[in-house]
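Welcome! Please have a look at the model first, and then follow the points below topic by topic.

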Amino acid sequence: MKTALLRFKIIAIGVFIILIITGGLPLWQHRHFRVDVVLGPGVSEVKKLSQYFPAISGSQADTDVFILRGKEPGGQALIMSNTHANEPEGMLSVLVMIENAIVEKGTLYLIPFFNYSGGLNTRPGEGYPLYFSVATLWGKRTFRMGNRDASPLDQWPDPDVYIHYPERQMLSYLDIRNTNRTWPGRKNGLPMEQVTFAVMELLKQNKVDLAIDLHGAETMYAVTNCIVAPEKSTRLAIMASLTVKSKEGFENHVEPSPEGYRGLSHREIGDASDTLPFLLEAPLPFLDQPTGPKTEELYLTGQDEFLLSLAKKKKLFVPYDQSGWPLEKRVGQHLSVSLEIMKQYSKKLPERAIVINNVPRYADVLKNGLGYYFHNPAEADPHCRMVE
């Protein structure tokens with residue numbers, strides 16, 4: 001009897017260990033998967049964010065800053081993405097710039113993996129894929145699908161209530177790991193507060209003129225397919241919006257940044273520095289709740305029968321038909337709007353102009369496909385290849 005019980009316990013423990021390994025191994029592999037980055041001819045220097053705030057050095061709060069300097073002095077702009085790593089079209093847009101952009105005048109700072117820890121996190125409980133791939137001329141380029149918030153492995157425990165610094169507004173406990181709720185950051189705060197503090201140091205130390213934060217939002221969410229801007233940035237946002245509509249044929253309206261909701265990049269950057277902030281939202285059907293399975297195909301194509309039914313009932317805030325909202329449209333919009341904001345700023349202040357060439361716009365990405373602009377890491381000069 002005792003022998004049979006012991007045998008049962010051993011078998012049960014063995015089964016438990018196998019379940020732990022088979023369930024945990026994919027998550028371990030995802031956390032340790034590294035994304036290839038090919039440095040284009042315009043990249044002048046790569047720094048760590050910790051060079052602007054050493055306290056985050058060696059942690060998962062640190063990340064790379066790619067700097068592209070022009071031949072002529074001018075203004076300076078920062079474009080960051082993966083604030084929410086389950087909205088990767090911003091990250092793809094910034095990688096296109098890193099691999100292709102040539103800055104003629106001014107300086108461009110690019111942070112493709114802003115909330116680096118969030119990119120190591122997952123949402124398996126909601127059935128999210130761990131990866132997605134973009135077809136290129138030479139094969140596939142694979143990327144991690146991350147989470148909205150930093151991993152609890154890198155910042156834990158969460159407080160019962162997150163109290164924003166310095167405004168003292170009470171927010172959800174989860175927002176302490178959301179780097180679009182922790183601006184302007186806190187020097188002695190938790191890691192995600194230190195991330196935003198570090199970027200504020202970058203902006204202030206370099207007297208950066210423009211900061212653009214790239215996101216994706218649900219088609220059922222009112223603040224989507226838009227530029228979010230505070231009062232000081234509104235004129236430039238409107239000019240960029242009107243220009244892309246008239247010249248490039250797509251809508252990208254302007255939404256005001258709320259004064260009473262704290263911690264947002266498009267509010268706090270402007271309030272805490274001289275930098276003009278903008279947040280771009282591209283429609284992302286993948287994030288909508290009433291969809292089919294959260295598959296890689298849904299992410300890439302944005303096609304979903306349930307959203308199509310809702311569109312016919314006028315329940316969505318963007319145009320939606322059988323073509324969905326493919327990745328090329330979302331990345332193309334981010335690229336065009338970002339370039340147009342910098343162009344309009346350069347017109348207004350020629351002495352602080354930021355002139356960038358060799359970056360595709362909306363029509364280019366739709367015509368050629370996103371993968372056309374990604375270079376093969378295997379064929380890149382070893383000095384121009386990184387893994388993030």
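The largest cavity has a volume of about 60 Å³. It belongs to a predicted model, in which two cavities of 30 Å³ or more are counted.

**Cavities**

- Which residues line the largest cavity? They are V35, N82, A85, M91, F113, G119, F143, R144 and G146.
- Sorted by class, that lining of the largest cavity holds five nonpolar residues, three polar ones and one charged one.
- The second largest cavity has a volume of about 30 Å³, and its lining is made up of C226, N252, L280, E281, A282, Q333, H334 and V337.
- Two elements, strand 13 (276-283) and helix 9 (327-348), each give two or more residues to the lining of the second largest cavity.
- In the second largest cavity, four of the lining residues are nonpolar, three are polar and one is charged.

**The largest pocket**

- How much space lies in the largest pocket? The volume is about 460 Å³.
- The lining of the largest pocket consists of 25 residues, and those nearest its centre are H84, R148, R181, Y221 and E281.
- Strand 10 (210-217) and strand 13 are the elements that give two or more residues to this pocket lining.
- Of the elements, strand 10 gives the most to the lining of the largest pocket, namely three residues.
- By class, the lining of the largest pocket divides into eleven nonpolar, seven polar and seven charged residues.

**Helix 4**

- Helix 4 covers residues 191-206, which makes 16 residues. At 1.5 Å a residue the helix should span 22 Å, and its end C-alpha atoms are 23 Å apart, so the two values agree.
- Which residues of helix 4 are buried? They are M192, E193, Q194, V195, T196, F197, A198, V199, M200, L202 and L203.
- Just past the end of helix 4 comes K207, which takes a positive phi of about 50 degrees.

**Strand 5 and its partners**

- Strand 5 (residues 102-111) is mostly covered, with seven of its ten residues buried.
- Strand 3 (residues 64-69) runs antiparallel to strand 5, and four bridges join the pair. Within this pairing, R69 stands opposite T107 of strand 5.
- Strand 4 (residues 72-80) runs parallel to strand 5, and six bridges join these two. Here I79 stands opposite L110 of strand 5.
- Strand 14 (residues 355-357) is antiparallel to strand 5 and is joined to it by three bridges.

**Salt bridges**

- How many salt bridges does the structure hold? The count is 18.
- E45 forms a salt bridge with R69, and their closest N and O atoms are 3.0 Å apart. E45 lies in strand 2 (residues 45-48) and R69 in strand 3, so this pair ties together parts that are 24 residues apart in sequence.
- E45 is partly exposed, with a relative accessible area of 28%. R69 also counts as partly exposed, at 39% relative accessibility.
- The side chains of E167 and R262 meet in a salt bridge, at 3.9 Å from N to O. E167 sits in the loop between strand 8 (162-163) and strand 9 (170-171), while R262 sits in the loop between strand 12 (253-256) and helix 6 (265-272), so the pair ties together parts that are 95 residues apart in sequence.
- A network of salt bridges links E167, E231, R262, R267, E268 and D271.

Definitions and conventions. Residues numbered from 1 in each chain as written. Predicted model: local features only at pLDDT ≥ 70, side-chain atom pairs only at ≥ 80, totals over all residues. Heavy atoms only, no water. 1 Å grid on protein atoms, 1.4 Å probe; cavity = no way out; pocket = protein on both sides within 12 Å on 5 of 7 lines; lining within 4 Å. Points joined across faces, edges and corners; volume = space filled by probe spheres on them. Nonpolar A, V, L, I, M, F, W, Y, C, P; charged D, E, K, R; others polar. Expected span 1.5 Å × (residues − 1). Buried < 20%, exposed > 50% of the residue type's maximum accessible area, 1.4 Å probe, protein only. Pairing = 2+ DSSP bridges. Salt bridge = Lys/Arg side-chain N within 4 Å of Asp/Glu carboxyl O.
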